[in-house]
Amino acid sequence: MEIEELIKKAGAFARPFRVTHGDGFRLKDLDPADSLDFGSEDKPRSKEVLALGIEALGHLQDMLYAQDCWAVLLVFQAMDAAGKDGTIKHVMSGVNPQGCDVVSFKSPSTGNGIVIRKFFLNVSKKEQKRRFLERIEEPKKNWKFSANDAKERTSWDDYMAAYQDMIRHTASKEAPWYVVPADNKWFTRVVVAAAIIDTLASLGLRYPRVTKEKLRELAAAKRGLLGGK
């Protein structure tokens, strides 16, 4: 699959998980283990697609940075062990840090050119338990676990109700939520990458047009370089 083809298909892949209207949204209706029609046998192929997706993201971000008209704000929310850090690490690995800013900001005003996409990584209680036990049993992952993580599980239903309420009241066409199944990390990462690619592709990004004056400057600079030592 070529990059251009992947960019075109990204929207269709991410769309099933997008929530633009919160009315009637119920978190319990969604399966954290959903992977569309893809099974575990597709996991190796997903790594290839993700790698290509990362390359596509890098290409789109380069134009985003050059055009300097838009900013894309990505918000991640999830329970402990849902895979936020891993998803960000893998999906954003091809993004140039020079084009990123970490800043404190207030509510965006009209004309700021900020596109907002929000992701809720929907992990099941059963899968969270498995990941917690893995962190306890594997010495290299002990640092990831704290006793408070297990304690918070007793409030699972309250958390789910709060997340559901949050999505119901903040989902919109302009700033949708993507409720991404998170029990299969490989699938989670592909969906998030597809959603970001689709978002960037929708902005009509292009490299700035070079004016005739700029072309003359470039030509003069080239002549100078070729004529010099």
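Colleague: Which residue in β4 is the bridge partner of valine 19?
Modeller: Tryptophan 177. This is a predicted model, where local features need pLDDT of at least 70, side-chain atom pairs count only at pLDDT 80 or more, and totals for chains, interfaces and linings use all residues. Residues are numbered from 1 along each chain as its sequence is written, and side-chain values use heavy atoms, with hydrogens and water left out.

Colleague: How many bridges join β1 to β4?
Modeller: 2, and the two strands run antiparallel. Strands (E, at least two residues) and helices (H or I, at least four) are DSSP runs, numbered from the N terminus.

Colleague: What is the strand order in the sheet?
Modeller: β1-β4-β3-β2, an open sheet of 4 strands with mixed pairing. Two strands pair if DSSP finds at least two bridges between them.

Colleague: Which strands stand at the edges?
Modeller: β1 (18-19) and β2. Each has a single partner strand, so one side of each is left without a neighbour in the sheet.

Colleague: Which helix lies across β1, β2, β3 and β4?
Modeller: α6, residues 156-170. It runs at about 145° to β4. Axes are lines fitted to C-alpha atoms, for helices over the stretch in contact (heavy atoms within 4.5 Å). Angles run from 0 to 180 degrees between N-to-C directions.

Colleague: Switching to α2. How far apart are its end C-alpha atoms?
Modeller: 35 Å. The 25 residues, 43-67, should span 36 Å at 1.5 Å a residue, so the two agree. The expected span is 1.5 Å times one less than the number of residues.

Colleague: What do the buried residues of α2 pack against?
Modeller: α1 (3-14), β2 (71-78), α3 (84-91) and α7 (185-201). Buried means under 20% relative accessible area, with a 1.4 Å probe and protein chains only. Among those residues are Leu50, Ile54, Leu57 and Gln61.

Colleague: And what happens just after α2?
Modeller: Aspartate 68 takes a positive phi of about 55°.

Colleague: Which residues line the largest cavity?
Modeller: Gln61, Asp62, Tyr65, Asn96, Gln98 and Gly99. On a 1 Å grid over the protein atoms alone, a cavity is a set of points where a 1.4 Å probe fits but cannot get out, and lining residues have an atom within 4 Å of a point.

Key
Buried < 20%, exposed > 50% of the residue type's maximum accessible area, 1.4 Å probe, protein only. 1 Å grid on protein atoms, 1.4 Å probe; cavity = no way out; pocket = protein on both sides within 12 Å on 5 of 7 lines; lining within 4 Å.
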